[in-house]
Amino acid sequence: MSIHLTEEQQLIGKNAQGFAKEYLDPIVVELDHTANYPADVVKKMAEQDFMGLFLPGEYGGAEAGYVSFVEVVENLSRSCAAAASIVVNHSLAAYAINRWGTPAQKKEYLPNLASGKTLGGFAIFENGPTPGVGPDALKAEKKAEGWVLNGTKAYVRNAGKAGVYVVLACTDPAAGAKALTAFIVNGNAVGLTVGELKETMGLRGCPVADMNFENVIVAEAAVLGAVNEGPAIMAETLAVAAIAEAAQTVGIGQAAVEHAAVYSKSRVQFGRPISTLQAIQTLLAETATDCHLARLGVHHAAELLEAGEPFQVEAAMVKQFLARLHSKMLLDTVQVEGGFGYSEFMPLPRLFRDIAGTTLLDSPADYPDKTIAAALLA
Amino acid sequence: MSILTPEQKQIQQATREFVAKHIIPVAAKYDKTCDFHPAILEAARESKIFAMAVPKEYGGLGYDALTQAVVLEEWGYGCSGIGTTLAASVLSMDSVLVAGNEEQKKKFFEPMVRGEIGSFGLTEPGAGSDAGAGKTTATKEGDEYVINGTKCWITNGGFASVYVIYALTDPTKGMKGLSAFIVEKGRPGFTIGTVDHKLGIRSSNTVELLFKDVRIPASNLLGKEGEGMKIAMMTLDMARPAIAALSVGICQRALDECVKHLQQRFPDPKVQPGQTLQFKLADMRIETEAARELLHYTMRMRDAGVRYSVESAECKTYAGDMAMKITSQAVSLMGSYGYTSEISKLMRDAKIMQIYEGTNQIQRLVISRAVLAPAPAATAQKAGK
């Protein structure tokens with residue numbers, strides 16, 4: 001693996017950092033407070049090509065690859081992880097359509113996803129332990145008029161704002177989680193309703209809601225990949241999500257470490273700045289190290305993905321590493337800032353709430369271990 | 001679970017009922033509004049909650065330390081924000097218990113028994129971990145003290161009726177010039193500053209207290225001039241296990257919520273969560289029990305009249321760290337549900353347990369100093385030579 005970024009990748013990262021400082025820093029506090037979807041900022045991010053970074057040029061994408069993608073995600077997250085979440089969840093739908101779509105599907109959806117004219121959403125979770133199994137699992141039944149979808153997808157990010165969703169539905173209730181198929185569903189499909197927005201601890205502004213399907217009819221051509229290919233599509237796209245969310249975690253962690261370091265130099269206790277206390281230095285050193293190692297893991301997994309090599313185990317390892325830290329980066333940086341660090345008038349509480357989302361969300365807690373062990377034991 | 005007497009068990013049961021009825025149903029609501037609900041106060045008055053730490057001779061219930069910890073755990077279980085409000089009021093009495101004379105005890109405990117709120121004011125913007133670096137002064141003028149300065153992050157500061165305030169009677173002596181005072185609400189010049197908005201324990205009230213030429217009678221001085229630091233340290237010895245108790249409550253709640261969630265998610269006995277999750281639950285249980293036992297042991301030491309400063313620091317540190325660990329495990333275990341539900345509140349609340357009443361770094365300082373100090377026997381021998 002190479003750790004050095006190319007000139008282009010560095011430039012893209014730097015540009016994202018500049019963008020974040022100019023457009024995200026000024027809105028982040030209010031966004032966290034109101035949780036109102038930041039439509040203007042999303043539009044500006046689209047103008048920067050953030051919505052189509054890894055999509056092929058023939059569909060209007062920037063074709064900049066996945067390393068550039070994680071660079072952008074990290075840099076956006078340093079300022080506003082919620083805005084990065086909107087990009088990430090959009091990108092998962094774009095990834096799936098680009099990876100498994102037919103030429104006709106790609107032609108239909110990718111240009112608008114790449115330009116950001118259409119926002120994407122990726123809907124896999126349900127209220128049961130595994131998609132396809134719970135009482136309100138989304139089921140797809142093949143009828144004369146096409147596939148008829150009924151049921152609920154839970155905790156869909158970008159819900160209500162996305163114009164196109166990739167959803168997983170069960171095509172054979174008897175086979176449950178094995179008979180999952182991916183469908184491309186338009187946001188304005190008849191019978192598709194978005195539930196009440198969920199109150200989230202952090203990443204506020206990236207909408208989360210359940211989506212209810214009542215006799216939503218989609219054409220045969222809406223099947224993404226093959227019928228029953230859903231589990232593979234889900235696993236691979238979730239691995240991409242793991243990398244992107246780890247990049248978010250690194251960005252949030254980096255912002256927190258930098259803030260805590262600056263704070264520790266200005267906070268005087270016992271007659272000297274607390275930055276001179278060894279215990280504080282240890283907290284900062286451990287946090288910075290975790291952040292650095294996680295970044296290496298993110299870049300390595302992104303490089304594998306970009307090279308078209310297997311990347312799922314490495315993606316799971318990054319997720320496992322970060323989950324094992326229990327968001328330690330943020331816990332420790334809040335600790336450095338003590339009572340100030342607990343006050344919502346300071347930035348760390350928002351970072352604390354955001355990082356809980358990027359490290360703890362999006363897959364059952366034992367998913368990374370299962371993936372990694374399965375590879376070792378194969 | 002620690003062995004409790006029948007009376008302690010009965011008090012525990014009564015508290016559980018109180019918490020189930022008055023705290024759990026409203027916890028999420030007041031977390032959102034960042035407000036303390038007066039109805040809880042009414043209920044607390046009716047249940048004589050604030051009287052539990054008041055000795056019987058002053059009309060209180062005079063619970064021993066262990067029983068108080070059992071009660072506090074249940075408050076933490078219900079909501080550590082509301083629990084913080086109730087606990088801070090109880091803890092405000094500690095300085096008076098430590099150093100108050102008969103008259104002062106009567107003065108302070110009477111409103112407590114009636115169910116009014118108390119508050120403890122030590123911290124200042126420049127004096128957090130370094131509690132001796134405060135700048136608030138109390139100057140003696142005749143038979144009065146005149147207080148000037150600012151206290152910050154004072155729990156219950158906005159609506160307490162009695163306060164224990166620490167101020168320098170001799171600023172030239174630093175922490176040796178610190179003294180403790182009873183200050184009543186409504187003294188001219190005594191006002192409330194900024195109300196803090198916090199990551200967690202949001203229903204508890206955290207404010208700045210501003211003192212501008214606030215006059216109090218000299219008889220409000222607790223102990224003697226210059227004894228403030230000693231009184232504060234003894235008060236904190238008493239207060240830290242209360243944080244441990246709230247923390248244990250948070251741990252138990254997170255564990256119970258995880259179990260409930262997994263039982264709902266895996267209703268089929270043949271399809272159960274894997275060992276990774278099972279073992280996480282086992283660890284949560286071990287850590288909760290260990291934290292509780294360390295707390296109860298510390299309380300038994302206090303009840304036995306044995307010095308317990310180090311154990312006080314230990315149980316607060318361990319329980320606070322475990323509350324943070326277990327609640328983030330819980331959010332992780334419950335995924336999206338955890339992140340969008342009350343479970344995430346537990347995690348936000350838990351973080352303060354590692355910070356207030358002395359950060360866990362300060363506790364580790366106390367503990368490591370004790371570990372590294374020469375053993376008493378060795379010191380005695382040396383002195384003998």
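**Figure 1. Residue A:N228 in the loop between β8 (223-224) and α7 of chain A.** With 16 C-beta neighbours inside 10 Å, A:N228 counts as partly exposed; a residue is buried if 20 or more other C-beta atoms lie within 10 Å of its own, exposed if 12 or fewer, and partly exposed in between, with C-beta atoms placed from the backbone. Phi of A:N228 is positive, near 70°, in a residue other than glycine. The model is predicted: local features need pLDDT of at least 70 and side-chain atom pairs count only at pLDDT 80 or more, whereas totals for chains, interfaces and linings use all residues. Residues are numbered from 1 along each chain as its sequence is written, and chains are lettered from A and ligands numbered from 1 in the order in which they are written. Helices (H or I, at least four residues) and strands (E, at least two) are DSSP runs, numbered from the N terminus.

**Figure 2. Residue B:K48 in the loop between α3 (38-46) and α4 (65-78) of chain B.** B:K48, a residue other than glycine, has a positive phi near 55°. B:K48 counts as partly exposed because 15 C-beta neighbours lie inside 10 Å.

**Figure 3. Strand β4 (residues 164-170) of chain A and its pairing partners.** Seven of the seven residues of β4(A) are buried, so the strand is largely enclosed by the rest of the structure. A:V164, A:V166, A:L168 and A:C170 point one way from β4(A), and A:Y165, A:V167 and A:A169 point the other way. Strand β1 (residues 120-123) of chain A runs parallel to β4(A) and is joined to it by four bridges; two strands pair if DSSP finds at least two bridges between them. Within this pair, A:A123 has A:V167 as its bridge partner. Strand β5 (residues 180-186) of chain A pairs with β4(A) in the antiparallel sense over seven bridges, and the bridge partner of A:A169 in β5(A) is A:T181.

**Figure 4. The hairpin of β2(B) and β3(B).** Strand β2 (residues 137-141) of chain B and strand β3 (residues 144-155) of chain B are antiparallel and pair over five bridges. B:T139 stands opposite B:V146 in β3(B). Two residues lie between the strands of the hairpin, where B:G142 takes a positive phi near 65°.

**Figure 5. Residue A:V28 in helix α2 (residues 28-34) of chain A.** A:V28 counts as buried because it has 23 C-beta neighbours inside 10 Å. Leaving aside residues up to four places away in sequence, A:V28 touches A:S79 and A:C80; two residues are in contact if their C-beta atoms, placed from the backbone, lie within 7 Å. The C-alpha atoms of A:V28 and A:G225 are separated by 38 Å, and these residues are 197 residues apart along the chain.

**Figure 6. The largest nonpolar core and the surroundings of B:F181.** This core has 245 residues, of which A:A96, A:F183, A:I243 and B:F181 touch the most other members. A nonpolar core is a set of buried Ala, Val, Leu, Ile, Met, Phe, Trp, Tyr and Cys residues joined through C-beta atoms within 7 Å. Helix α7 (residues 230-266) of chain A gives the most to this core, with 18 residues. Not counting residues up to four places away in sequence, the contacts of B:F181 are B:A138, B:Y145, B:I165, B:A167, B:I216, B:N220, B:L221 and B:L222.

**Figure 7. Domain 2 and domain 3 within each chain.** Domain bounds come from an automatic or database domain assignment. In chain A, this assignment gives domain 1 (7-118), domain 2 (121-228) and domain 3 (231-377). The C-alpha centres of domain 2 of chain A and domain 3 of chain A lie 30 Å apart, and 13 residues of domain 2 are in contact with nine residues of domain 3. In chain B, the bounds are domain 1 (6-114), domain 2 (118-226) and domain 3 (229-372). The C-alpha centres of domain 2 of chain B and domain 3 of chain B are 30 Å apart, with 13 residues from domain 2 and nine residues from domain 3 in the contact.

**Figure 8. The contact between chain A and chain B.** Chain A contributes 34 residues and chain B contributes 35 residues. On the side of chain A that touches chain B, the elements giving two or more residues are β3 (146-157), α10 (328-341) and α11 (348-360) of chain A. The model scores ipTM 0.88 and pTM 0.92.
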